[in-house]
Amino acid sequence: MDKKNYDHFDLNNGCYFDLPFVQTQVQGALDNSIFNYFNSCIIGVYLLHIKPIRLVKRWVIMEFQKDLSHLGWEEVRNRQLQRMSLVSEWASIAGIKEGSTLLDIGPGPGAFLNEYASLVGTNGKVIALEKSKEAIDYFLKTSNQPNVITVCWNAEQPYNTEIHDIDVITLTDVLHHAESILDILKNVRTLSNVKTRILISKFDPETQGAFGPPLTSRIPISQLKSAILSIGFEVCREGKQDFEHYYLLLKTEPST
Ligand SMILES: C[S@@+](CC[C@H](N)C(=O)[O-])C[C@H]1O[C@@H](n2cnc3c(N)ncnc32)[C@H](O)[C@@H]1O
């Protein structure tokens, strides 16, 4: 063994170490562990960072979901109860009164639906067209209104009701949940006659966004009005309301 080629003698074991070889091995191990470290970091970032961000957005920040699955029907109802003052305004704007026949599209868990049922009384009736069966079940469990007919139906699909002469159609805070606003509006058009008042109310994107859906999920009034006019409705009244809402009162244009 040529001692000159060895830089270190191990006193304990009586043998020489090839220092450059050891250095290469140590360097390799270090590189490996750095590589492993970075690998673990990447996996760690995925497991501990990206996934939790999605979960945090979904569960803590409660990312807006069109089907409201981020809230639950009880929470949606609580939020409706906080905005109950809107209903008396809507009733006065659309002329909902004792004996009216009303079609409420997308009532959700039905806090407002309940109120409409009381306003029209036993001489009137309310048809509730709601696409979520869970929302209807929630309404039926929490209310007992004999003059409400619940129908589980997607209002984007043509709907044939046997009830004609609908006085008022309400469409409040529904359209930003819809896949096709135009399809809903077209169906509303076929369900209404020249006397039907159609009340649309929505969260306004031109506000601070202190309540309701994120500003980016809201429909600007100008955009909604163009859709409405293209379907053959006339806007008879419009305005702003509390809780960052705007409303539009529509009538079907008489056919020429
Ligand atoms: C935020 S809630 C609004 C409830 C109530 N109208 C209000 O003003 O608070 C929206 C409801 O519309 C329903 N909805 C959305 N799109 C619908 C559609 N195409 N047909 C029927 N219901 C629909 C949803 O299932 C949900 O219950």
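A residue counts as buried if 20 or more other C-beta atoms lie within 10 Å of its own, as exposed if 12 or fewer do, and as partly exposed in between, with C-beta atoms placed from the backbone. Helices (H or I, at least four residues) and strands (E, at least two) are DSSP runs numbered from the N terminus. The model is predicted: local features need pLDDT of at least 70 and side-chain atom pairs count only at pLDDT 80 or more, while totals for chains, interfaces and linings use all residues. Residues are numbered from 1 along each chain as its sequence is written.

Strand 9 (residues 245–252) is mostly covered, with 7 of its 8 residues buried. The table lists strand pairings; two strands pair if DSSP finds at least two bridges between them.

| Strands | Sense | Bridges |
|---|---|---|
| Strand 7 (residues 197–203) and strand 9 | antiparallel | 6 bridges |
| Strand 8 (residues 233–241) and strand 9 | antiparallel | 8 bridges |
| Strand 4 (residues 125–130) and strand 5 (residues 148–152) | parallel | 5 bridges |

Leu249 in strand 9 is the bridge partner of Leu199, and Arg237 also stands opposite Leu249. The hairpin of strands 8 and 9 has 3 residues between the strands, and Phe243 there takes a positive phi near 55°.

Leu129 stands opposite Val151 in strand 5. Strand 4, helix 5 (residues 133–142) and strand 5 form a right-handed β-α-β unit; right-handed means that, with the strands pointing away from the viewer, the path from the first strand over the helix to the second runs clockwise.

Around the ligand there are 22 residues, of which Gly106, Gly108, Lys131, Ala155 and Thr172 come nearest. Helix 2 (73–82) and strand 4 are the elements that give two or more residues to this shell. A residue is near a molecule if its C-beta atom, placed from the backbone, lies within 6 Å of it.
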